[in-house]
Structure formats: C-alpha cells, structure tokens
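Take a look at the chain below.

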Amino acid sequence: MNQKTTPSSGFSKRRFIKSVTPIIWLLPSLILITVIVIFPIYEMFVTSISEVSRSGIRKELNGLKNYINLLNSDTFLLVLKNTLIWTIAVVGISTILSLAIAVLLNQDFPGRKLVRAALIIPWAVSLIITAAIWKYMFDFNYGTLNLILSKLGIIKDNIYWLANASTSFPAMIGVGIFVTIPFTTFVMLSGLQSISNDLYEAASVDGAGTWRRFFSITLPLLKPSLMVSTVLNTIYVFNSFPIVWTITRGDPVNQTDLVVTYLYKLAFESKKMGEAAAISTISFCILLLFAIVYVSLLMRGEKSDA
C-alpha cells in the first residue's frame with residue numbers, strides 16, 4: 001500500500017534543497033581555497049615545528065626549536081629590523097606622495113591623460129626589469145646617477161652606491177617608492193573621483209578654504225581608498241623580493257636582506273627548510289596582526305564619526 005506524501009514532508013524537502021543549493025554552488029570555490037590557501041598554510045606551520053633534512057624530507061616534530069634558533073640569531077633580528085624600516089618607509093612615503101599626485105591628477109589641466117598614462121608605466125613594467133635598470137643607474141663607473149650629480153656639481157667623486165648598506169639600503173627604498181607610487185596613486189585617484197563636486201562647492205559657499213576642504217571633505221571620504229591601498233601596499237612591500245634580490249642580493253653580509261630574501265637563502269642555499277618555514281609563519285602572523293589592527297582602528301574611527 002503506497003503512502004501519500006504529506007505537505008509537511010514536501011515543505012521540509014524544499015527547504016532542505018534551498019539550504020543546500022548555496023553550498024553546492026560555493027563548493028568549487030571552497031575546494032580551491034582549501035587546496036591553494038589553507039593547506040599550504042597548514043603545511044608551512046607543521047614544517048616550522050619539524051626537523052627537516054637537507055633534502056627536504058620532514059622528520060619528527062621538534063617543537064619551537066626552529067623559532068628559538070631564529071630569535072637567537074643576530075642576523076634574523078637585523079633582517080627583521082631592515083624589513084620593518086623598509087616597509088614603513090616605502091609605504092609611508094609613497095602614500096604621502098601618491099596622495100599629492102592623485103590630488104594633482106584629479107584637476108583639469110592640458111595633457112592630463114598623457115600624464116596618467118605615463119604614471120602607470122613603472123607599475124606595468126616587470127619589477128625585475130625596473131630593478132635591473134636602477135642597478136645600472138647606481139653603477140660606480142657608468143651609472144647615470146653619478147653622472148647627473150657630477151654635472152649638477154653636487155658630488156665631485158663617484159659614489160659606490162651599492163658597496164655598503166648605508167647607501168644601498170636607502171637606494172633600494174627609493175626604488176621601492178618609485179615602483180609603488182603608481183598603484184597607490186590610482187587607488188586614491190579612484191577615491192577622489194567618487195567624491196561629488198557639490199560638497200566642495202557647498203564648502204566654498206560657506207567660506208571654507210583649500211586646506212579646510214581637504215581635511216574636512218577629502219581625507220574623511222578617502223578613508224576606504226586609504227585602507228585598501230595601505231593594507232595591500234603593506235603586504236606587497238613587506239614581501240618584496242625582486243627589488244632587493246636584483247640590486248644587492250642582501251649584500252654586504254645580509255646588511256640589506258629583507259625577511260623574504262633571507263628566507264630564500266635559508267631554504268634554497270643553506271637548506272634549512274624548518275627555519276625558513278618558521279620565518280614564513282612569523283611573517284604571516286605579523287601581516288595578519290597588522291591587517292586586523294588597522295581595519296579595527298579604521299572601523300572604530302568610522303563608528304565614532306557616525
């Protein structure tokens with residue numbers, strides 16, 4: 001004897017299908033994220049607390065031994081300090097310069113489209129090519145920089161820009177700022193173009209000057225763009241490899257190494273995979289903490305303004 005399907009069972013079946021459908025659609029993305037993001041992070045963490053042979057074979061767990069070796073290493077502390085100085089200098093200076101350039105490019109003037117197109121070239125060109133060009137510009141004998149400074153009468157003798165850390169590290173920071181400005185400028189320019197001119201006209205009618213309009217209208221409304229550019233720029237600059245490796249390779253004696261270049265040397269030159277994974281884990285935690293703190297402060301500021 002056949003049993004009839006009750007209305008309640010049909011309703012619960014439709015509700016089940018409705019609840020499962022989004023999961024089915026999201027399943028390919030979830031699998032992709034798990035394979036490409038979550039699993040490598042897990043492997044990195046496990047490797048960082050493991051003994052790894054020079055051939056790359058992971059042996060038994062060794063606890064925090066790799067982290068202790070790093071923290072007891074003067075080289076790692078120097079590299080960490082270099083990375084923090086590099087990141088703060090490049091992100092901070094490029095953000096200030098990009099804001100000024102974005103405000104300028106947001107104005108109407110002849111040749112604006114040409115200037116905007118020219119600005120994107122340093123960002124569009126490969127970082128390795130850009131760094132290689134700058135390396136030749138810093139050359140002691142044939143470098144363009146020494147030639148220009150000599151012609152201007154600023155220096156009498158050529159400078160060994162890449163011979164010691166006191167000149168090579170600031171030079172790398174300058175290159176980092178040069179290649180970073182286009183990205184941050186266009187992010188801020190897009191934010192400026194989303195601000196209505198009616199706000200500026202109303203402020204002008206009320207007697208607000210240029211600086212008052214900038215601090216009262218432009219900066220508050222640019223917060224979302226500043227958040228995006230600062231977070232992404234910090235991640236990119238912190239993990240910047242091509243510039244340092246192409247120009248100095250971290251020489252002399254690790255004086256210009258960053259975390260990512262020192263990690264590369266440990267993993268592929270010294271064959272210390274465990275310590276290299278520990279550095280990766282430390283870098284991941286630092287960037288994650290920065291993103292959480294920065295976004296939390298920005299959201300708190302928006303709530304207080306509201």
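Start with Asp257 and Lys265, which form a salt bridge with the closest N and O atoms 2.8 Å apart. A salt bridge here is a side-chain nitrogen of Lys or Arg within 4 Å of a carboxyl oxygen of Asp or Glu. Asp257 and Lys265 are both buried. Buried means under 20% relative accessible area, exposed means over 50%, and partly exposed lies in between, with a 1.4 Å probe and protein chains only.

A word on the source. This is a predicted model, in which local features need pLDDT of at least 70, side-chain atom pairs count only at pLDDT 80 or more, and totals for chains, interfaces and linings use all residues. Residues are numbered from 1 along each chain as its sequence is written, and side-chain values use heavy atoms, with hydrogens and water left out.

How many salt bridges does a search of the whole structure find? The search finds 3. Side chains of opposite charge can pair when their charged atoms come close.

Another of these pairs is Glu43 with Arg58, whose closest N and O atoms are 3.1 Å apart. Helices (H or I, at least four residues) and strands (E, at least two) are DSSP runs, numbered from the N terminus. Glu43 is partly exposed, at 26% relative accessible area. Arg58 is partly exposed too, at 37%.

Asp108 and Arg112 also meet in a salt bridge, 3.1 Å from N to O. Asp108 is exposed, with a relative accessible area of 70%. Arg112 is partly exposed, at 23%.

Now turn to the backbone. Where does Pro252 lie? Pro252 is in the loop between helix H12 (242-247) and helix H13 (259-268). A cis peptide bond joins Asp251 to Pro252, with omega about 0°. The loop between H12 and H13 also holds Arg249. Arg249 is not a glycine, yet its phi is positive, near 60°. Its relative accessible area is 44%, which makes Arg249 partly exposed.

Move on to the loop between H13 and helix H14 (273-305), where Lys271 is found. Lys271 has a positive phi of about 60°, although it is not a glycine. Lys271 is partly exposed, at 31% relative accessibility.

Step back to the whole chain. The protein chain has 14 helices and 2 strands. Its C-alpha trace spans about 105 × 70 × 35 Å along the principal axes. The radius of gyration is 26 Å, whereas a compact globule of 306 residues would have one near 19 Å. That radius is taken over C-alpha atoms, and the globule rule is 2.2 Å times the number of residues to the power 0.38.

Of the 306 residues, 35% count as buried. Among contacts with a separation of 6 or more, 65% come from residues 24 or more positions apart.

The chain has 25 positive and 16 negative side chains, and the centres of the two sets lie 10 Å apart. Lys and Arg count as positive, Asp and Glu as negative; His and the chain ends are not counted. Each charge is placed at NZ of Lys, CZ of Arg, CG of Asp or CD of Glu.

Notes
Contact = heavy atoms within 4.5 Å.
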